[in-house]
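Here is a short tour of one model.

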Amino acid sequence: MAIQKSVVVLGPTASGKSDVAMAAATQRGEVHIIAADAMQVYTRMDIGTAKPTRTDRDQVIHHGLDLAEPSERYTVARYMDDIALARETIGAQNAAELIVGGTGLYVTAIVDGLQMPGEWPEIRAALEARDDTEALFAELFALDPGATTKMEPNNRRRIIRALEVCLGSGEKFSSFGEGIGSYSPTSTTLIGLRWNRDVLRARIAQRVNIMMERGLVEEVRYLLAEPNGLAFTARQALGYKEMIEHLEGRWSLDEAVAATILRTQQFAIRQDRWFRRDPRIQWVDVHEDPMEEVTPVVAAALE
């Protein structure tokens, strides 16, 4: 059977979207939540990713969580495969889906069905062994100038991925599907939480402090001690990167906390810029309580 309704609730980190999603799903019933978060896919990375609690997951079925080991390389293509299976389950149960997004690319992948190119690990390894990011960017510009218009010249990870595809497939990276920025008509309803930027910055600082109280340092310490450790992507996660700097003796704890707050605030601005480009999003300005101000909008969209 088909999925009854498809709704996205999105916004920057610490905007309250997860709480809104839980409230709306509980109120409506017969709703599955899909997490569109690139770091919540990793097992045992719970505190720093603000992963839904076990109580929430017992109350409402969640998908998109705990899909990979922190030591693994996890890709958007793999995420799409995992979520395709989840959506089959949702359809079979004649339920609605509520996609909760902080990672813009993951939201876009679900809503617009991005066509993902393959992988060429040997080519990627050779590119990663080259230190000169500027030279890599110049090579990408020569092969696919269109791709370079959608990334920063210092975004090494994305440059390498684009070059890997160009060299491995023989096709331009920018040729794979319409990609992001096309905003085609969709039957999915997209609802965004919008905060005053200064208020959101304060919410982020408060959230990081709560994560510290809940044991973020200990969580990162245990992950580092595991036999396979953390892969590059997992090590770059907000809070984890900074706590690693602390645990490996390069930063004091206060420095690590301050850096986590600042980088998370900067990330929230980038999230906001990503989502603001999409004209399909219905924005709800939040002044005090996202549960009270946004939940009715999301619940109504699920009906």
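Helices and strands here are DSSP runs, numbered from the N terminus; a helix needs at least four residues and a strand at least two. The model is predicted.

**Two loop residues**

Start with the loops. Asn 94 lies in the loop between α3 (76-92) and β4 (96-101). Its phi is near 55°. Arg 44 sits in the loop between β2 and α2 (54-59). Phi of Arg 44 is near 65°. Both values are positive, in residues other than glycine. Most residues other than glycine have a negative phi. How accessible is Asn 94? Its relative accessibility is 28%, so Asn 94 counts as partly exposed. Arg 44 is also partly exposed, at 34% relative accessibility.

**A strand residue**

Ala 35 belongs to strand β2 (residues 31-36). Is Ala 35 buried or exposed? Ala 35 has a relative accessible area of 5%, so it is buried; the cut-off for buried is under 20%. Beyond its neighbours within four places in sequence, Ala 35 contacts Gln 40, His 63, Gly 64, Leu 65, Tyr 79 and Val 100. Thr 103 is 68 residues away from Ala 35 in sequence. In space, the two are 9.3 Å apart, C-alpha to C-alpha.

Now the helices. The table sets out the packing of two pairs.

| Helix pair | Angle | Axis separation |
|---|---|---|
| α6 (residues 133-143) and α8 (residues 156-169) | about 40° | 10 Å |
| α1 (residues 17-28) and α14 (residues 290-302) | about 50° | 8 Å |

The angle of about 40° makes α6 oblique to α8. Their crossing is left-handed. From α6, the contact takes in Thr 133, Leu 136, Phe 137, Glu 139, Leu 140 and Leu 143. From α8 come Arg 156, Ile 159, Ile 160, Ala 162, Leu 163, Cys 166 and Leu 167. By class, this contact of α6 with α8 has 10 nonpolar, 1 polar and 2 charged residues.

α1 and α14 are likewise oblique to each other. Which hand does the crossing of α1 and α14 have? The crossing is right-handed. In α1, the contact residues are Asp 19, Val 20, Ala 23, Ala 24, Gln 27 and Arg 28. They meet Pro 290, Met 291, Val 294, Thr 295, Val 298, Ala 299 and Leu 302 in α14. The contact of α1 with α14 has 9 nonpolar, 2 polar and 2 charged residues.

Terms used. Residues are numbered from 1 along each chain as its sequence is written. This is a predicted model: local features need pLDDT of at least 70, side-chain atom pairs count only at pLDDT 80 or more; totals for chains, interfaces and linings use all residues. Side-chain values use heavy atoms; hydrogens and water are left out. Axes are lines fitted to C-alpha atoms, for helices over the stretch in contact, and angles run from 0 to 180 degrees between N-to-C directions. Angles under 35 degrees count as roughly parallel, over 145 as roughly antiparallel, 65 to 115 as roughly perpendicular and the rest as oblique. A crossing is left-handed if the near helix is turned anticlockwise from the far one by less than a right angle, and right-handed if clockwise. Contact means heavy atoms within 4.5 Å. Ala, Val, Leu, Ile, Met, Phe, Trp, Tyr, Cys and Pro count as nonpolar, Asp, Glu, Lys and Arg as charged, and the others, Gly among them, as polar. Buried means under 20% relative accessible area, exposed over 50%, partly exposed in between (1.4 Å probe, protein chains only).
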